Amino acid sequence: SSQQFDVAVIGAGAAGMMCAAVAGQRGRSVVLIDHATRLAEKIRISGGGRCNFTNAGAGPQHYLSQNPHFCRSALSRYTPQDFIGLVKRHRIGFHEKHKGQLFCDDSAEDIIAMLKAECDAGHVAWRMPCSVAQVGKSGDLFRIDTSAGEILASSVVIATGGLSIPKIGATDFAYRIAKQFGLKVVETRPGLVPLTFDGRGWEPFVDLAGIALQVEVETGAKKERGYFLEDLLFTHRGLSGPAILQISSFWQLSTPLTLNLLPGVDLAEALIAGKGTIKKSLGNILAQWLPSRLAEGWLKVNGFDTGARIADMPDKALRQLGDSLNRWVVLPSGSEGYRKAEVTLGGIDTRELSQQSMMAAKVPGLHFIGEATDVTGWLGGYNFQWAWASGVAAGSAV
Ligand code: FAD
């Protein structure tokens, strides 16, 4: 005995719940299917448990995609202000942390409860935990073979997210369905992820683990260029912190990163100009600008004596030291992978989808939303804003 709905949404995460709520509240009969035992685990762990649920300034320029204009339509039809309005209607306290990033005052659970309540208001039916073995189409109807029986639906929305954090249930389901229906998938790779350095080259820097400071970081050229002014964190295996997570989405294997550990200071110029007047030791001079452990470690790694007086040093050596901090060029060997990545770059090729409805042009009734699509936000609430906006776009169209 099969059950029939207007809409079946597969994946009850951020995008799926938003989509189901909107479709349900428009009067569509909706079923929401998820294989997890706990609801919306990724929202729960997001933003350190406080969910950075949007960014007040989110716009298309904050997203990476092979088809960069695709996200514009959905983002302009459902804006950060729209989501903030929803959060306020549910009386959830929030605050701005940094560069427009909005977080819950209490807990990410508040966002999950809000989305659940919005689904209830749309009389959404749940199948959870419930696994999906197969999705087929016969005539105008989709047939979904699940562990809770066969489900028939006129529209299917795939909202199963990307590959990040397999431990909490991420799967390649969306990509498999796309391929089954003949849709292109842009190659996937981990994004917003710490970068690592194999081998002996990194050994001298291991002692710097734990040090954090604001840096400029850049990579790539022209259209592919990424640039950020954010905090860097030295780790035992490599580099992390917001600066590195951000640049990791732009970084390509065998391409270097250039870091400026002293933004706003031309160190070589300052040292050479100070030769006649500054009496302090090299270590003390650097410690004016850098964490003292980094100042000392850096001099050691680069073969300088912390006690040296700059008056006694040739300009060439001061220039070398200045360059080493103002233009530190590093070549990461890899990343911490999907185990640690906050997002998945790539996904369903958006050239296959309608920007109005997120529906596949080749397969009427089949929609893809959220992280499963080739739209990836920067760090800072942008990924959830895409989940909400693409969820609303599909939910309004099905
Ligand atoms: P998800 O929220 O991942 O939901 C997918 C759902 O599909 C899950 O419930 C899963 O169980 C289900 N599913 C998967 N495969 C199957 C299958 N085969 N069958 C049935 N169900 C399936 N973004 C921000 O904007 N702000 C943040 O603060 C933030 N913090 C983050 C912190 C961490 C540690 C991580 C990993 C990510 C963070 N992100 C953040 C990114 C953000 O969580 C995702 O971009 C967002 O959740 C994507 O929404 P989605 O609905 O597309 O997918």
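I began with burial: 46% of the 398 residues in the chain are buried. I call a residue buried if 20 or more other C-beta atoms lie within 10 Å of its own, exposed if 12 or fewer, and partly exposed in between, with C-beta atoms placed from the backbone.

This is a predicted model; local features need pLDDT of at least 70, side-chain atom pairs count only at pLDDT 80 or more, and totals for chains, interfaces and linings use all residues. I number residues from 1 along each chain as its sequence is written.

**Confidence.** I looked up pLDDT, the predictor's confidence in each residue, from 0 to 100. The chain has a mean pLDDT of 96, and 100% of its residues reach 70 or more. For the complex, the predictor gives an ipTM of 0.99 and a pTM of 0.97.

**Overall.** I found twelve helices and 21 strands in the chain. Helices (H or I, at least four residues) and strands (E, at least two) are DSSP runs, numbered from the N terminus. The C-alpha trace spans about 85 × 45 × 35 Å along its principal axes. I then checked contacts, meaning two residues whose C-beta atoms, placed from the backbone, lie within 7 Å. Of the contacts with a separation of 6 or more, 74% join residues 24 or more positions apart.

**Helix α3.** I looked at residues 70-77, which form α3; its buried residues are F70, C71, A74 and L75. Seen down the axis of α3, they fall within an arc of 100°, so they line one face of the helix. The arc is that of the directions from the helix axis to the C-beta atoms. An α-helix has 3.6 residues a turn, so residues three or four places apart point the same way. The cover over the buried residues of α3 includes β4 (63-64) and α12 (382-397).

**L163.** I found L163 in the loop between β10 (149-158) and α6 (173-180). L163 is buried, because 23 other C-beta atoms lie within 10 Å. Leaving out residues up to four places away in sequence, L163 touches A170, D172, T188, Y338 and T344. I also checked L163 against A295, 132 residues apart along the chain: their C-alpha atoms are separated by 39 Å.

**Ligand.** The ligand is surrounded by 37 residues, and the closest are G11, G13, G47, G161 and G370. At least two residues of the shell come from each of α1 (14-25), α2 (41-45) and α12. α12 gives the most, with four residues.

Key
Near = placed C-beta within 6 Å.
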